[in-house]
Structure formats: C-alpha cells, structure tokens
Amino acid sequence: MGLLLKIFIPLLGVALAFYFYSAPENFSEEMLRGKRVIVTGASSGIGEQMAYHLARMEAHLLLTARTEAKLQKVVKRCLELGAASARYVSGSMEDTAFPEVVVKEAENTWGGLDMLILNHIGYSYFNYFNGDVGHVRKLLETNFLSYVAMAMSALPMLKESEGSIVVVSSMAGKTGTPFCAPYSATKFALDGFFSSLRHELIIDKVNVSITLCILGYIDTENAVRAVSHAIRGTPAPKEECALEIIKSGALRQRELHYPSPVVGSVLLLQAIAPDFLDSLTRSNYKVENIRR
C-alpha cells in the first residue's frame, strides 16, 4: 500500500493540476510593495515566514499572535528586512472582542487595508477523539469564529481597496483524516463559510477576492512535534509554503494546494475513489504509535 501511495500521489497531483487549473499569471513582488497587510498567527511557523517575505517585499505589516515577546522579535526582524512599516497587537483569539481590536488598529494606523491573512490556530490534540465536546466548542471559537469576525470587521476596508482575504486551511478541511476530529471540523467550517461568502461577494459585484489555502504536512515546529511520530512522509518547507500563500493571495486565486502534487492527488481521489483514498490515508499512519 505504501508503494502505491508513492506512485499515485505525484501522478494524480499532476493530472489534477493540469486538468483543473490554467497557468496563473506571473507573480511580481511589486504587487505587495506598500500594501497594508494583517497577518495573524505571526509569531512562529508559517505566519512568521509570511511576515518575513512580506517585509522583503516592502509591505506595511500588522502582526498578531498570543505571545508579545515573540511578536516583538518578529517585528524587529521585519524592519531589518525592509518592511515599509511593522507593528503588532498581542492577544488571544479566544477573546471574542480581539478580532475587532486588531482590525481597528489597522484602520487607526493606515486608514485602510489591502490584504487580510488569517492563519492562527488554537491548540488541539492529535489522538482518538475523547468525547470532549467542550474542546470542540473552544476550538471553533479560535479556528473558525474569530476568522469570521475578523473578515467581517475588515470587509468595509477591503471593499474600498478591492483587497483580498487569504484563509489558511488544511487537507483536514477537505477530506476526513483520523486523530484530528476537532481540528478537522473547524477547517471544514472555514471552507463552507468562505466559499459561501465568495458567492455572495460575486453576486453583489464586490471586488474582494477570497483565497482558501489547502495545506498538507508542513515542517512547522508545532506540526512536527504533534504528528511526526505517527505520520509517514516528509514535511514540506514552511518558508516555501509561506511564499506560495502570499503569491496565491496577490494573484487572487480561488485555492492554493501546497504541496501541489500531494494535495491535488488527494482531492482527485476523493472525487473519483473515496474508499480507496480512505484506505491510503489509514495506511499513512503509524497507528501503533497513537496512544489513547
């Protein structure tokens, strides 16, 4: 089964990319120069790397995450890399008032906004679901409802600038995978809400793009710590992932699949052979290393 996985994943990914997607227009770093960008979850991992890429592109940055000390270091580095400006607001997205606080800071500082990158996540375990409905409810507040709240608060400014919303999601939000039921539920919710919102914006002729980023296994510290003992395969680099997210938002793409061959093949198999995909998925886990 492992050999089949190695053969089918690259081939199907290429087929999906060829069949469903035309070549995107060329990306230029000039697209981000002087743009006003909010990045959430920016103190580490993919969010931190996005901040550094945007700084090199001379964007104006407003970064947010829970840990103030880490944000201070990221902001300092962004300024060294050439950001047009960089500042932060620290706080937890579990606080239902915090999303609006962040957006208000952007409005007070810049008077507008060009791109909102929603990237933060709350803590969840990687294991069999233990029946804790309270945990699911709390995770929905951070991983889903705060995304909705921030997008709605930012939408008036984004309408004015004809800007972009970039939503960082996961393969776990497109197809069911074991050991991450609460997390997966929040990511499915993101797809449902923002795909619906995209329709409404188009119907109302509002020129605000929504890009949903479907990510596979990425080598962030948190992801590797959580799942490396249980997943077969090598994680993709967070630096490249961060750059692809920025490109997809600037190019106003509907979806980003990264790494493309893996994510693309999974989505194609889901459409044409879901039982086979489920079997492949289960074979990719070292179940013996999962302890209840």
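How many aromatic pairs does the count come to? The count comes to six aromatic pairs. The views below come from a predicted model.

**View 1. Phe 144 and Phe 193 form an edge-to-face aromatic pair.** The ring centres are 6.2 Å apart. Phe 144 sits in helix H5, residues 133-161. Phe 193 sits in helix H6, residues 181-203. The pair links distant parts of the chain, 49 residues apart. Phe 144 has a relative accessible area of 15%, so it is buried, the cut-off being under 20%. Phe 193 is partly exposed, because its relative accessibility of 25% lies between the 20% and 50% limits.

**View 2. Phe 179 and Tyr 285 form an edge-to-face aromatic pair.** Here the centre-to-centre distance is 5.7 Å. The angle between the planes is 65 degrees. Phe 179 lies in the loop between strand S5 (164-170) and H6. Tyr 285 lies in the segment after helix H10 (274-283). The pair therefore ties together parts that are 106 residues apart in sequence. Both Phe 179 and Tyr 285 are buried.

**View 3. Phe 179 and Tyr 285 belong to a ring cluster.** Phe 126 and Tyr 128 are also members. Ring pairs link these four residues.

**View 4. Thr 142 is a buried residue of helix H5.** Its relative accessibility is 4%, so Thr 142 falls under the 20% cut-off for buried.

How values were computed: Residues are numbered from 1 along each chain as its sequence is written. This is a predicted model: local features need pLDDT of at least 70, side-chain atom pairs count only at pLDDT 80 or more; totals for chains, interfaces and linings use all residues. Side-chain values use heavy atoms; hydrogens and water are left out. Rings of Phe, Tyr and Trp (its six-membered ring) pair if their centres lie within 6.5 Å; planes under 30 degrees apart count as stacked, over 60 as edge-to-face and the rest as tilted. Helices (H or I, at least four residues) and strands (E, at least two) are DSSP runs, numbered from the N terminus. Buried means under 20% relative accessible area, exposed over 50%, partly exposed in between (1.4 Å probe, protein chains only).
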